[in-house]
Amino acid sequence: MRQPRTSPASRTVARAEVVNARLGHENLGSLSAAGGFVPLRAPLLSLPGSHTAWDDVAAQLPALYRDMTLRPVMEHMPVLPADPAALPDSALHRAATVLGILGHAYVHVSAPEPADVPASIAEPWAEVRQRLGRAPEPVLAYTDLILNNWRVDGEGAGEGDRVPLRVGNLRLLVPTVDNQEERVFYLSQLEILAGCAPIVPAVADAQDAILNDDRDGLRDALDAVTAVLRTVSRSSLSLIDPRPRSATHVNPVVWAKTVAPLAVPFRTGVLGPSGTASPIFNLLDVFLGRRSHGSQLGSEIACHRRSYPLHWRALLDAVERVPVADYVASHPRAGLTDALESAREAYAGSEGFLGHHRRKVYGYLAVAFKVGRGLTIGGFSGPPQARTWNKVDTELTESRAERLPPGSSASGKRQCPVQVDPRRHGAAAGAGRAVTASELARHNDAINGWWVSIDGRVHDVTDFIERHPGGAVVLRAHAGLDATNAFHRAHAVQAGAKRLLETTHIGFLSDPELTAARQVYRSWIDALFTVVELQNTFRLDRSFSEGTDLCVSSGRRPSAFQTDRAVDTYLRFANGYLPQLTEEVLRPLAERVATADVSQSSGDVRACSVQAAGERRRPVRGAVGAPRAASGPLSSPGGLRDGLDRVDRTIEVVKSMLCAGSRSVEERGDDELGGRELRRLADRSIAVIVSDRPVHDREVLPGPGESDHRQERMPQVSCPAATVTRLVRLDDRAGDGARSLPPPTAIG
C-alpha cells in the first residue's frame, strides 16, 4: 500500500509549530493549524521591569492624546537599551507594538508633523525592528497594530488562548485614543483573522489531496474554505457598522479624525499596516490562483509579502509549489470545478468577502476624505475635490478582478448604469411631482429634511436616514445632491436597495425648457451643487465637536484634541476650500453670466459687466465670514466657535444666493439673461467670501460686526498651552466698508 504523501504546506505549518514552541516566542511568524496566523500565546501585558517607562507612557497615551501633551512627555522619556542583554526575545513583539504606536502617535497627533520621532523612541525602536528581521524604515507592522495589540476584557486577562477572539471579548492592549471606533476597527480585523484560522489547515489538506490524487478530499478542502469565508463575511466584516444604534457603531467622522491617521507611514514610499498587509489575503491569492498583481493594490500586496516574517513567507512559497488551479484544470470534474469557483466567489466575488469589503470601504473613505483625511495607509491621497475615494473604489474593483479567471461573472470591472445628467431625465424618471434643482439643494438638513436624487428620481430619505444600513452620515454627505454615482458604486448589484428606493420616491428632478440660457443654467446648478456638497462636508466635519462649547455656548468643555481638530477644520475651509470655491467655481460662473448677458443686451448692461469684472479683480472687504487680521491670544473656544459659525453662515448665504438665481431662471426662463439679477447674485456670492488677506497658519480670524460684548457673554474656558499657541483672539474691528449681509431667509 502506497504511503500517503505530505504536502509542502503541511510540512511548513508543522515545522513552524515546532520551532515556535522550542524558541518560546513567535518572532519568526505566528503560524499553526489551530490558530492560523493568529498567535497561540496571548500578547504580553507588560515589559520587563527595566522598561516600565515605555509601559507607563503607553498606559497614559489616550489621556496624552486628548490633552495634546503627548510630544513633550515623549521627548523627556529616557533612552532605554533594546539589545538582547537588556530586552529578551520574548518581549520583542510587545516592544514593537508599544514603540511603534508611540512613534506614530508622536508624529500624527497634530500638525505640523515633526520630521522624526525623539531618540527615546527612535533608537530602541530601530533595534527592535532589526532584531525582528524587518526593514530599517520606521513604520508600524500589521503584527504590531493588529496581531499583538489585544488583551482579554475583564477577568482572565492574559488567557486569550482559552477565550474566543471576538470583539466583544477583547480590548486593545495599547489604545491610542481609546474610543469605540478604534477598538472595533482594529479588533474586528483580529476577529476576521481568527475566524479565518481554519483556512490554513484547509489549504494544507487541499495540497495533501492533490499529491495523493484525492479529488473528494480536495473538494472537501475547497468547500471548507468557502464556508469559512461566507461566515466571516456575514459575521465579522459587518462589525464595523456605520449605523448609530449598532452595538459596534463606528462613526465615519470620528474614525476619520481619530483612528485613520495613526498608522499612516510618516516617510514617503513606506508601506503601512493597511488591510492588504493581512496574511490571509496573500494566502488566498496564492491558493486560489490570482492571475496578476498589476493594479496599485496588487503591487502593494506583493510588496507586503516580501516583508512578512519567515514562517509566513515559507508557507506562501510552499503553497505555490502545488497549484490547486492547475490540478483542477487538468481534472475537469464538475464537482471540483464548481468547488473552486465557489471558493473564488466567496473570496473575490461581488457578494463575497472582498465585494462586501469594497462597499464598506467606499462609504467610510467618501466621508473621511471630505472631513480632512488626505492620505490613506496605502498611499492614496488627494483633497476632497479629487474624489480619491472613487479612485480607491476603482482600484479595489480592479484588484478583485485580478483574483478571478477571465470571463468570470465577477472578474470584470464594476458595471454601473450609464451616467446621464439627471436634469435631462424629466418625466421619464418616473411618477411624482417635478422637483427643481434649487428645491433639492435646500433639503440637506434636519429642518428641511434630507433629499437625494438618483437617476433623475428624487427621494425623501428623512424617515429612513437613521435606519440606512450604510449609516446616517453617508446620506447626510449626499443630501441635497445628485447621488447617482455614489449609489451605484455602493449598490450596483443589490436589488433590495433598489426596491427600497420605491418607498422613498417623491418625484423627478425637472429641467426647465431653455434655449439661450441653458448653458448658463447648467453652470449655475453645478455651482449650487458644489456649494451644497461643501456645506454638507463642513457640517459633518464640525460634528466631531458636537455637544461641546465649540458648537454651542452651553456645551461641555472640549478636549484639547477636539479644539485642535476644530482649528484644522476652520483653517481648511477659511484658507482653502472657500477661496478655492471663489476662484474655481464662482468667478468662472460670474464671467459666464456676464458673457451671456452681453450677447443678449448692450449699452448699460455692457458697462455693468465691465464694472463687475473690475470688482472681481480686487478684494471685496468686510463681508460675512471674511477672514481678517488677528490680534492677541485667545483663552476661550468661544472665538473659535464664532469663526466656525461664520464659515457656516458664509456657505449658507452663498447657497441661498445660488438657489435664488436658479429659481429665477426656472421661473423666467431665457428672459432672465436680459436682467441683472443673475449678475448681481453671482458677484455678491464672491463678495461674501473674498477678503483682504489669507488666514495665517494657526490663526482664528474674525468677520465684521463682531463686538467685545459678544465675547464677554461667552463662558471663559481655559485651553491647554498646546492649543492656546494655535489660537488668537477675534478682531472685532469691521474695517473700512464693512457691512453685514441680511440673513439667508431674506435673500432671494
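Author: Let us begin with pairing. Strands S6 and S8 run antiparallel and are joined by three bridges; two strands are said to pair if DSSP finds at least two bridges between them. Strands (E, at least two residues) and helices (H or I, at least four) are DSSP runs, numbered from the N terminus. Within this pair, His 459 stands opposite His 505 in S8.

The model is predicted: local features need pLDDT of at least 70, side-chain atom pairs count only at pLDDT 80 or more, and totals for chains, interfaces and linings use all residues. Residues are numbered from 1 along each chain as its sequence is written, and side-chain values use heavy atoms, with hydrogens and water left out.

Reader: Which way does strand S3 run relative to S8, parallel or antiparallel?

Author: Strand S3 (residues 433-435) runs parallel to S8, with three bridges between them. Val 435 stands opposite Leu 509 in S8.

Reader: How many residues of strand S8 are buried?

Author: Buried means under 20% relative accessible area, exposed over 50%, and partly exposed in between (1.4 Å probe, protein chains only). In strand S8 (residues 505-509), four of the five residues are buried.

Reader: What should I look for in the backbone angles?

Author: Most residues other than glycine have a negative phi, and most peptide bonds are trans. Asp 455, in the loop between strand S5 (449-454) and strand S6 (457-460), has a positive phi of about 55°. Ala 111 and Pro 112 are joined by a cis peptide bond, with omega about -5°.
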